[in-house]
Amino acid sequence: MPIRLLTPELVNQIAAGEVVERPASVVKELVENALDAGASRVTVELEGGGADLIRVSDDGSGIAPDELLLAVTAHATSKIASFDDLEAVASYGFRGEALASIGSVSHLRITSRRASDGHAHSIEVDGGMVNAARPAAGAPGTVIEVRTLFKNVPARRKFLRSQAAETGRVHDAIDAIALGAPGIGFKLSSDGRTILDVPPQDERTRCVQVLGAGLAPELLDLAFELEAPELHGPIRISGVVGTPAAAKASARNQWLLINGRPIEDRSLQHAVREAFRGLMDPSVHPVYALFVELDPRAVDMNVHPAKTEVRLRFPSLVHRAIRRAVAQALERRGIVVTERLPTIEHPEPTLPLPLGIGQRTIVHADGGIAWTPATGAATTAEAPSSSGSAHAAVASSAPVRFMQVDRSWLVVEEGDGLTVIDQHALHERVMFEDLKARIERSPLERQRLLMPELVDCGHGAIERIESLAPILDRLGLECTPSGSRTIAVHSMPSFLVERGIGAQEFLLSIASSDLRADDPRAAEAALSEVLDLMACKAAVKAGDRLSNSEIAALLARRATIDRPDRCPHGRPTAFRLSTAELERRFGRSVSSR
Ligand code: ADP
Ligand code: MG
């Protein structure tokens, strides 16, 4: 066949293949258009599960009569005008494809009237053929009717499921949008029977409505903010999450919206699950309606024609914000893993926490722990009192007693008194030492990216990153400039990849540093700094729940590094409360005991 241009009808039908999958996807597009038009009430009527008729009516702005033809033309939109608009798009739609696509695979009629018009106008498109607009009767707002969906695409029409199944999906699609627009009223009917009728509500009431009124007492409010230097403004998490008692056998009641848009994202769903780790039977699914709000420039909405997927610039930050938001809500309700002050005598053989590189087993299960409690190493200014020195005589085989407090601090009974450790600072220190020892032997293990990842570093930072390139290369990060402000990343240090840290996140933190490698001494310092940055990013954070064996492993490593009480920046990782200090605080002199 010779090469030729596709006809506009064919272009629209091909686009319809992506945007119009079934009645629910048509409803999603039409309801989103109604919201973009400023509607306060939206009514959806179905016949035959939407296969025969979908009618969406709104009380929004309406369409000017002379723009009706444009509305059904592909790539015609009133929502963006430039590429910059796309970066911060606030409307649901912006591709200008939905109506043209729907019109190419059905019989579409739009009836619309602006408040200022004396009457309505309507336009029809039948299987892609457009009939001119003409005057019609109708109230202010817009009514869109889609008849005989897929009339000219028999393969699609044949594969529609039962009327009940398609209606159920439409219901889900409306629920998803309704969660992000609680101030709007929604109505859904099927063959004249009302199945949904919600008035404008506040956010919590809408969440309860969608998740099920019966669950109300088990739905905890989410309210969390995460600030990060990489972002303009915080990541905000709101919405509700069900307690473990509200969990369901299916994952249907899990809603995630990013900047008001319903999104499907397995890794973010996983973040919620992680917060439930140890609290819930893994075979059931938590219920939630979770809203993430963040700078629109940190979200690329334009990766999927139906916009149900997004690309985040800082996925691991959003992941962490979600996990901590849910954990915090559960904790406020007192739902925590109950751990009595544990005694570790038989640690598990393998540890999920990557304390070293390529060596995950630090504590061996050969009947004991392979380290001696660091009685002296952590003792700082406190000189042991005469009575204290008796307590300090801890046999090296004695079990170590510890607990994690607020998922941030480790409290360890050791020597003469107790030590409070900042888990992040210690883990960062341990990783830093590991990385340093490792890099002295050979370059770090790297993971090649299938496609180079392009990171926009801004004009200023390109030069800095280029000057650091040899150092970064030793660390497993290969990158080359690509254009005046973009860096192409070809490989990443494997251990960052394993910890879920993306090229973007890592490179941007280097870009925003003031590192230079102009001479050998500066280069040596820069290497240390970058190693530390890696350690800091990869280390467990405050708020991360650690298992007993992970804590035991971390404490074991603490005993093997020198000056474990300082993080690489020189900040303390731990402080001691000696028995003498405790005695002093409780006003018990040694002689009165
Ligand atoms: P997009 O939403 O991406 O702009 P659509 O094909 O869905 O593309 O719609 C094309 C245009 O038609 C919209 O940009 C808007 O101007 C107009 N439009 C569609 N539906 C409505 C509605 N319910 N009310 C007012 N205007 C509408
Ligand atoms: Mg649209």
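Predicted model: local features only at pLDDT ≥ 70, side-chain atom pairs only at ≥ 80, totals over all residues.
Residues are numbered from 1 along each chain as its sequence is written, and side-chain values use heavy atoms, with hydrogens and water left out.

Val292 is also among the residues with the most contacts inside the largest nonpolar core, together with Ile235, Ile237, Leu290, Ile322 and Val326. A nonpolar core is a set of buried Ala, Val, Leu, Ile, Met, Phe, Trp, Tyr and Cys residues joined through side-chain atoms within 4.5 Å, where buried means under 20% relative accessible area (1.4 Å probe, protein chains only). This core has 80 residues. Helix 10, residues 315–332, gives the most to it, with 9 residues; helices are DSSP runs (H or I) of at least four residues, numbered from the N terminus. Apart from this core lies another, of 44 residues, including Val20, Val125, Leu149 and Ala173.

Next comes the ligand. Ligand 1 is surrounded by 19 residues, each with a heavy atom within 4 Å of it. Asn33, Thr77, Ser78, Lys79 and Gly96 are the closest. Polar side-chain atoms approach the ligand: one of Ser78 lies 2.5 Å from an oxygen atom, one of Asn33 lies 2.8 Å from an oxygen atom, and one of Asp58 lies 2.9 Å from a nitrogen atom. Taken alone, ligand 1 exposes 540 Å², and the protein buries 93% of that (Shrake-Rupley method, 1.4 Å probe). Helix 2 (23–36) and helix 5 (98–104) are the elements that give two or more residues to the shell.

How values were computed:
Chains lettered and ligands numbered in written order. Buried < 20%, exposed > 50% of the residue type's maximum accessible area, 1.4 Å probe, protein only. Polar contact = N/O pair within 3.5 Å; in protein donor to acceptor, adjacent residues only side chain to side chain.
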